[in-house]
Amino acid sequence: MVKRKILRKSPQKNVKGLSLQIIPYSEIRGLNISERVKKLLKIILGNKVVILQGRLRPEEEIRLIEDTMAMVDHIKSFRGIELAVIEPDAGNNSMMFKLRRGIAKSLIGDNNAMTVIGPASVVKDIRRDPRKLEVLLG
Amino acid sequence: MLKILKKFSRRILRSLFMSKDNLKIGFYGPPNDGKTSLANVICKDWTGEEIGKVSDIPHETRKVQQKEKVEIKYKGKTLTFKIVDTPGIATKIDYEEFLKFGVKKREAKKRAKEATQGIIESIKWLDDMDAVIIVLNSAKNPYSQVNITIVGNLVARKIPVLIVANKIDKKKSDIKKVESVFPEYDVVGISAKKKKNIEEFYESLFKLAKKV
């Protein structure tokens with residue numbers, strides 16, 4: 001069971017302006033790398049925190065960082081993103097577990113994980129441990 | 001995809017027809033974790049010159065820096081490397097962070113702009129590396145998505161990786177935690193600043209070169 005812990009520096013002040021958008025994996029399944037990154041950045045630039053079912057591939061994550069930096073360079077108020085992926089049983093490194101997960105991934109994709117991406121101005125920090133996630137709001 | 005295929009075919013050709021010499025070794029990792037400090041130790045040891053400036057202010061390295069033909073000797077063996085020191089990869093750049101270090105606002109904004117371009121440059125260079133050394137601050141939490149993303153991209157490109165847990169001289173340094181995050185990789189603990197465990201690092205570097 002994935003434990004989530006959301007901490008707020010001063011709850012009343014921050015929750016007011018916090019907007020979350022949950023994206024099911026099915027919504028990005030048919031998109032190519034550019035379209036996926038573009039879709040996510042569009043939501044983030046709207047000052048929303050994205051909770052994506054599943055995770056991006058490594059090449060998509062690095063492209064997201066690359067495109068984010070290009071945006072920081074061009075959009076005055078945009079300072080970047082905070083990004084974290086949480087996978088259930090991430091600490092389990094046994095061969096049997098890896099084999100089972102590999103088969104499941106190849107059949108249904110890696111949508112057992114959860115990705116949290118938010119604008120750096122809204123999300124101060126995402127502290128990730130194998131079994132928990134702490135989102136610190138700015 | 002095309003880039004990965006190109007890289008893969010180049011590696012096959014290298015393994016068939018070329019010696020394992022003049023390997024391009026990239027130094028990657030988050031900002032301020034000691035990439036340039038370590039690259040400086042190597043370059044100073046074997047060429048007599050440093051590769052770049054270091055400072056306490058993050059994003060001191062904002063352009064890729066290279067040192068050609070760095071000949072390293074270890075236990076009677078000699079290998080020649082091309083050292084590529086890259087700007088630290090981050091997901092956010094805030095010029096206000098630099099103000100805390102006494103940088104003037106105008107200079108901080110310029111630094112932030114150069115840092116964003118440096119990150120893009122670092123990412124573009126990933127495809128050109130023969131092997132990569134990821135330098136992490138062992139006193140910080142290694143569970144950062146940037147670290148995991150860098151490693152994931154190197155695995156996808158089939159580029160051999162060595163993880164350097166730097167700053168072992170710090171009280172909070174925890175090499176075991178770094179090893180637990182990256183159990184499939186060689187992790188060597190060093191202090192580039194205090195020149196601790198540098199011999200062990202060279203041993204790991206030669207092991208890494210064997211994997212290319």
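Chain A has four helices and seven strands. Helices (H or I, at least four residues) and strands (E, at least two) are DSSP runs, numbered from the N terminus. The model is predicted: local features need pLDDT of at least 70, side-chain atom pairs count only at pLDDT 80 or more, and totals for chains, interfaces and linings use all residues. Residues are numbered from 1 along each chain as its sequence is written, while chains are lettered from A and ligands numbered from 1 in the order in which they are written.

From the N terminus on, the order of elements in chain A is β-α-β-α-β-α-β-α-β-β-β. Chain A has 138 residues, of which 27% count as buried. A residue is buried if 20 or more other C-beta atoms lie within 10 Å of its own, exposed if 12 or fewer, and partly exposed in between, with C-beta atoms placed from the backbone. Two residues are in contact if their C-beta atoms, placed from the backbone, lie within 7 Å. Among contacts in chain A between residues at least 6 apart in sequence, 75% join residues at least 24 apart.

Within chain A, helix 2 (residues 33-45) packs with helix 3 (residues 58-74); their axes come within 10 Å and cross at roughly 50°. Axes are lines fitted to C-alpha atoms, for helices over the stretch in contact, and angles run from 0 to 180 degrees between N-to-C directions. Angles under 35 degrees count as roughly parallel, over 145 as roughly antiparallel, 65 to 115 as roughly perpendicular and the rest as oblique. Helix 2 and helix 3 of chain A are therefore oblique to each other. Their crossing is right-handed. A crossing is right-handed if the near helix is turned clockwise from the far one by less than a right angle, and left-handed if anticlockwise. Helix 2 of chain A contributes A:I33, A:R36, A:V37, A:L40 and A:L41, and helix 3 of chain A contributes A:E59, A:E60, A:R63, A:L64, A:D67, A:T68 and A:M71. These residues divide into six nonpolar, one polar and five charged. Here Ala, Val, Leu, Ile, Met, Phe, Trp, Tyr, Cys and Pro count as nonpolar, Asp, Glu, Lys and Arg as charged, and the others, Gly among them, as polar.

The contact between the chains takes 23 residues from chain A and 19 residues from chain B. On the side of chain B, helix 4 (105-125) and helix 5 (145-156) each supply at least two residues. Helix 4 of chain B gives the largest share, six residues. The chain B side divides into eight nonpolar, eight polar and three charged residues.

Helix 3 of chain A meets both of these helices. With helix 4 of chain B, the angle is about 155° and the axes are 9 Å apart. The two helices are therefore roughly antiparallel, and their crossing is left-handed. A:I62, A:I65, A:E66, A:M69, A:A70, A:V72 and A:D73 meet B:K113, B:T116, B:Q117, B:I119, B:I120 and B:I123.

Helix 3 of chain A and helix 5 of chain B pack at about 130°, with axes 8 Å apart. This pair is therefore oblique. The crossing is left-handed. From helix 3 of chain A come A:P58, A:E59, A:E61, A:I62 and A:I65, and from helix 5 of chain B come B:T149, B:G152, B:N153 and B:A156. The contact comprises four nonpolar, three polar and two charged residues.

The largest nonpolar core has 79 residues. Such a core is a set of buried Ala, Val, Leu, Ile, Met, Phe, Trp, Tyr and Cys residues joined through C-beta atoms within 7 Å. B:I83, B:V132, B:I134, B:I163 and B:V164 have the most contacts inside the core. Strand 4 (residues 131-137) of chain B gives the most to this core, with six residues. Residues up to four places away in sequence aside, B:I163 touches B:I134, B:L136, B:V178, B:F182, B:Y185, B:D186 and B:V187.

Most residues other than glycine have a negative phi. B:K167, not a glycine, has a positive phi of about 65°. B:K167 lies in the loop between strand 5 and helix 6 of chain B and counts as buried, with 24 C-beta neighbours inside 10 Å. B:H59 has a positive phi near 65°. B:H59 is in the loop between helix 2 (35-47) and strand 2 (65-74) of chain B, and is buried, with 21 other C-beta atoms within 10 Å.
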